[in-house]
Amino acid sequence: MEFPPIYILSLKGAQRFEPLVEALEARGLAYEIFWGIDGREGLPQAHEPRVDRAGAEARMGRPMSDGEFACALSHRGIYERIAASDAPSAIVLEDDADPGEAFFELGPALKAPPCGLLLFDHKNTYVKVRDRLILPGGVRAYRVALPPFLATGYMVSREVAAHLAFRNGPVVQPSDWPDAILQFDSYACDPRVITQRGRTVGTSSLEAGRRKHKHRRRKSLRRLLYKSYWRRWLTKRLARKLA
């Protein structure tokens, strides 16, 4: 079974990848553990020049937590690795990813990427239903109309990885997902072929960080004055919500 290169994103202080590794090894799949930046106790000072806290708050309507910045920078680190490789595509899995059987049926078809970005797991996902891909394993994928949530698992082409790594400026949005993905052929799987292990069991460390510092999006009636608000409103109503 031939797959694109597989990268597992994990933290040295919170290794949760054993079930995922067991599933991959049971099918003879190679992988690489990529150690991310741990921001649970604060973003290491060395990474501050790579983030824009004021820009993030202006864009998000709330401050981004150190954990969110660290996660976004960790994914960028993987993009840099992919961009420097010879493989035309790669698969990125967070260490709590739980792949279904459809993922293993789909993987070999992704060595030659069918699109720039293919989301295996996603949430709050609005798509263009008339723009779709038919993939192995009974999976369909629809073009993303707005950036969704979750970066649990995805395939990314080398070209898109290079853009996200080097040409997207300082971090002003979480890893899931920057607005830049709308510039490319970005699709979301239906049904999802990967889920987040233990999602309903407890709160993620990123969500815990947001709650700890009370980083909640501020809503104001002033948003009704901006064209961007109405563009998003219209896009949602013209799109279909997958998950």
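So, what does Q196 touch, once we leave aside its neighbours within four places in sequence? In this predicted model, Q196 is in contact with D96, D121, L150 and T152. One of those partners, D96, comes up again when we look at polar contacts: the side chain of Q196 makes one with the side chain of D96, at 3.2 Å.

Where does Q196 sit? You'll find Q196 in strand β10, which covers residues 194–196. And is Q196 buried or exposed? Its relative accessible area is 18%, and buried means under 20%, so Q196 counts as buried.

Okay, over to R130. This residue is part of strand β6, residues 126–135. R130 has a relative accessible area of 85%. The cut-off for exposed is over 50%, so R130 goes down as exposed.

Last stop, the surface. Which residues make the nonpolar patch of about 640 Å²? They are L221, L224, W230, W233, L234 and L238. Let's pick out L238 from that group. L238 belongs to helix α7, which runs over residues 227–238. Why does L238 count as exposed? Because its relative accessibility is 70%, and exposed means over 50%.

How values were computed:
Residues are numbered from 1 along each chain as its sequence is written. This is a predicted model: local features need pLDDT of at least 70, side-chain atom pairs count only at pLDDT 80 or more; totals for chains, interfaces and linings use all residues. Side-chain values use heavy atoms; hydrogens and water are left out. Patches are made of residues with over 30% relative accessible area and no salt bridge: like charges are joined within 9 Å, nonpolar side chains (Val, Leu, Ile, Met, Phe, Trp, Tyr) within 5 Å. Accessible areas come from the Shrake-Rupley method with a 1.4 Å probe; for residues, only the protein chains shown count as cover. A salt bridge is a side-chain nitrogen of Lys or Arg within 4 Å of a carboxyl oxygen of Asp or Glu. Helices (H or I, at least four residues) and strands (E, at least two) are DSSP runs, numbered from the N terminus. Buried means under 20% relative accessible area, exposed over 50%, partly exposed in between (1.4 Å probe, protein chains only). A polar contact is a pair of N or O atoms within 3.5 Å; within protein, one must be able to donate a hydrogen and the other to accept it, and residues adjacent in sequence count only if both atoms are side-chain atoms. Contact means heavy atoms within 4.5 Å.
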